[in-house]
Amino acid sequence: MYDVLIIGAGVTGASVARELSRYNLKIGIIEKENDVANATTKANSAIIHAGYDPKPGSWKAKLNVEGTAMFDKLCEELDVPFKKNGSLVVAFSEEEMKTLEELYENGLQNGVQNMHILNAEQTKELEPNLNEEINGSLYAKDAGIICPFILTVALTENAMENGADLMLNQEVVDIQKENSNFKIKTTDQEFESKYVINCAGVFAEEIYSMVTETDFEIIPRKGQYFVLDKEAGDLVNTVVFQCPTKMGKGVLISPTVHGNLLVGPDSQDIEDKQDIDTSKDRLDFVREAAKKTCAEIPFHLSINNFAGVRATPDTGDFIIGESDKVKGFINVAGIESPGLSAAPAIGKCIREIVEELHGGLKINDNFNPKRKKMVRFEELTPSERAEIVAQNPDYGRIVCRCELVTEAEIVDAIQRKAGANSIDALKRRVRTGMGRCQGGFCSPRVMEILSRELNIDMCEVVKDSPNSRILTGMTKYSREEC
Amino acid sequence: MADYDIVVVGGGPAGLAAAIEAKKNGIDSVLVLEREVELGGILQQCIHHGFGLHVFKQELTGPEYAEFFINELEELNIEYKTNTMVLDVTNDKEVAFINPQDGYQIIQANAVILAMGCRENTRGAIGIPGSRPAGVMTAGAAQRLINIEGYMVGKEAVIMGTGDIGLIMARRLTLEGAKVKAIMSRRNYPAGLTRNVVQCLHDYDIPLNLQHTITYIHGKDRVEGVTMVRVDDNRKPVPGSEEYIECDTLLLSVGLIPENELSQKAGVEMERRSKGPIVNESRETNVDGIFACGNVLHVHDVVDFVTEESRTAGKAAAAYIKGEYSRKGSLMTVEPGSSVDYIVPHSIDPQRVVDDKIEFMFRSTKLFDKCRLIVKQDGEQIKSAKKTRVYPGEMETIKVKADALSDKPNSKITIEVEEVQEDE
């Protein structure tokens, strides 16, 4: 019996879980995928927005600005890569310069600080590689870039360290309210909880419809991206947006917190909420659209493409709060952009709601806000490298040569709470296979380590989902040997 | 004081041959650093035969070919470290490496031979649209899993690209009981060696689809199929030619890329077409005392040529250490002429040419059934040779007598390929 059951282990669910784990509550997180951060959270622009975009007075505006201000401390506590490199919205005409003024005003109303309107020259000074035809820009110093996977893994791990449970591969099929409690049925288990928090992303509508008639709709909206080699990572210093239009924020060019370059997304309404296929026409569109900002993007250094699905609400704003029809059922739905930026503030906001429902919350005296630091061998100085390998020789064994990931880091990522259980889960946590060879060299070694540490057969090692096995059996020779 | 005269980065066929040659030329202080658990490089997973026709005049398997050099290395008491990753090479030849035994070390070398090999091009780099399921991998990764680890990667495969590893893996999968449903090349001829097309595809009735490519990968958890289309002469998909092929595996053999991240850290200048360092006839780069050979320099299709080239580099590095490496001569530059993609070396100092012949290695930009290879010096023809079937997939070599390169200081050498009419 849980006090709180959170449905969905994306960045929203994980933030809520971590915030609630400060209190004496029995918390469960159920996730239909084989890992946390495995839907919208894993495929987006990875931006912490300053907060000048959303309409003043909206949930988006309030929680974006509040959330963004929380990242310095949060990322310090949880050891999450985060860089406040600022953002630019560039204007290509005098008319768009007016849009920048409006955004600036909007930002002021939302409480955003450290914004500046730059002229063409100042913009060029900040971003010398952009096209000449730029009239000016809106510079927001408080915007930043983050690793959304590591953030979500860290939030979940910390929540678990503080007592929360994580249940993977649990797709909710039914929710019943009996007396004052909820019975949540998944494909193979049943859970009971006082409160249910619906953080189900694109499926929030389906989850809500299990308890009552929904009054919102979640429209899946796909966006596609290019990831470029680290060789291209310093093309821009800040997150560079184009002027927003009715169609959205446009295509951005941004360094990633790990030093790659990200270009995208487009925006496409789709039918299938799990459709994350990439397509040539859409990627061609992204490529052309981005050239408007910078004609010199070295697309020949592209190392991967991906697509993600935004959980766009038909209401235009985040849907946050206890259902007015089902007591104890809290919706956190329609968390599209700036959802990543807002996540820590959403956590706080939900805690206030739970506190009121529960009639006050008792502090968890054992709460530890810190996550055990992860060693990132690639970022160590030569003397730090020498020191750490002297302590543990497994740091001397480089498994992923492109991203310089050692065996010790891989083992640590598997053994932690909310640990890695697949090739992609490791990729998201320690970046094995994330580099220019895309796992061509290291995946056999990574599979061996997963097999050894999880105590499973090599053939049971999966790429991501439980049905995504890599190997189909042994060769004739090995079979004879067995 | 230097720790070693010569440090060789990479213990594959290139590094082994270079180290052995340096030792044979009188240099005792040589260290080979290898990132894998054993020496031999990618040869160790190439268990098929066909290696060594030029060097040994017999057909060896990859591991046999490697074993010959590993044994020689041991007999010559050349020092090596496996499980060792080189993290940095500086332009003054400091080499930083790490391994579980020695930890993190920085050593000073008098000369460095870069022999890191190459990597395979990936799905992400060529941008094949569709879903991202398990069952998509490079042909080389599959080769390692099957031949070294002993595991099968699928039951029904499609192979995109006709590089040599793709061709070899088509046969290997078939021998292991898998069905190879299709293999394809975007061009109107296969990328790999003709002998591999015959021995790996024709002999096993594997359908080769020329001028075809894959435009979509299907399947959520595991590959369920691919969409193959015909492409026109500009390699653009022909609408309406889409064909869905059911399969659980897609192997990619879509090009090899020299691994030059370390070279670039050392300040080595690169060439755009070969994707490798710019070198002189001794395989020395623009950085004094840093040499490069094998697939890190340019992708070879036959290991024997790697061996020969690496011997050149090893011998030159030894001469460099012994102070016998002349820098007196004037450099002749080498540039590709019409229908030539790249040429190695990029420059020649005739004073340093010790043999009586200079060998040029190059690739054509397109397929020729009958043609003539022409070498010119400052526009004047100094050598020509008739050839049949010249194509980008097979590296060409042409030797020029050193004395044919009359000592014209600062002259320019070009090589071109010219079509020969049938009736000629």
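Colleague: What covers the buried residues of α7(A)?

Modeller: Keep in mind that this is a predicted model. The cover over the buried residues of α7(A) includes the strands β13 (218-228), β15 (252-255), β16 (261-264), β17 (268-269) and β18 (302-313) of chain A.

Colleague: Which residues of α7(A) are buried, and which are exposed on the other side?

Modeller: The general idea is that an α-helix has 3.6 residues a turn, so residues three or four places apart point the same way. Here the buried residues of α7(A) are Arg282(A), Leu283(A), Val286(A) and Ala290(A). Seen down the axis of α7(A), these buried residues fall within an arc of 100°, so they line one face of the helix. Asp281(A), Asp284(A) and Glu288(A), on the other side of α7(A), are exposed.

Colleague: How many residues of chain A are in contact with chain B?

Modeller: On chain A, 43 residues are in contact with 36 residues of chain B. The elements of chain A that give two or more residues to this side are α7, β18, α9 (382-391), α12 (443-454), β23 (473-474) and α13 (476-481). The largest share, five residues, comes from α9(A). By class, the side of chain A that touches chain B has 18 nonpolar, 16 polar and nine charged residues.

Colleague: Which strand of chain B is joined to β23(A)?

Modeller: Strand β11 of chain B, residues 151-152, is joined to β23(A) by two bridges, and the two strands run antiparallel. Within this pairing, Gly473(A) stands opposite Met152(B) in β11(B).

Colleague: What is the order of the strands in the open sheet of chain B?

Modeller: This open sheet of five strands in chain B has mixed pairing and the order β23-β21-β28-β25-β26. At its edges stand β23 (347-348) and β26 (380-390) of chain B, each with a single partner strand, so one side of each is left without a neighbour in the sheet. Strand β25 of chain B, residues 368-377, pairs with β26(B) in the antiparallel sense over nine bridges, and the bridge partner of Arg372(B) in β26(B) is Lys386(B).

Colleague: Is Ser326(B) buried or exposed?

Modeller: Ser326(B), which is found in the loop between α8 (303-321) and β21 (332-336) of chain B, is exposed, with 10 other C-beta atoms within 10 Å. Not counting residues up to four places away in sequence, Ser326(B) touches Gln351(B) and Arg352(B).

Key
Residues are numbered from 1 along each chain as its sequence is written. Chains are lettered from A and ligands numbered from 1 in the order in which they are written. This is a predicted model: local features need pLDDT of at least 70, side-chain atom pairs count only at pLDDT 80 or more; totals for chains, interfaces and linings use all residues. A residue is buried if 20 or more other C-beta atoms lie within 10 Å of its own, exposed if 12 or fewer, and partly exposed in between; C-beta atoms are placed from the backbone. Helices (H or I, at least four residues) and strands (E, at least two) are DSSP runs, numbered from the N terminus. The arc is that of the directions from the helix axis to the C-beta atoms. Two residues are in contact if their C-beta atoms, placed from the backbone, lie within 7 Å. Two strands pair if DSSP finds at least two bridges between them. Ala, Val, Leu, Ile, Met, Phe, Trp, Tyr, Cys and Pro count as nonpolar, Asp, Glu, Lys and Arg as charged, and the others, Gly among them, as polar.
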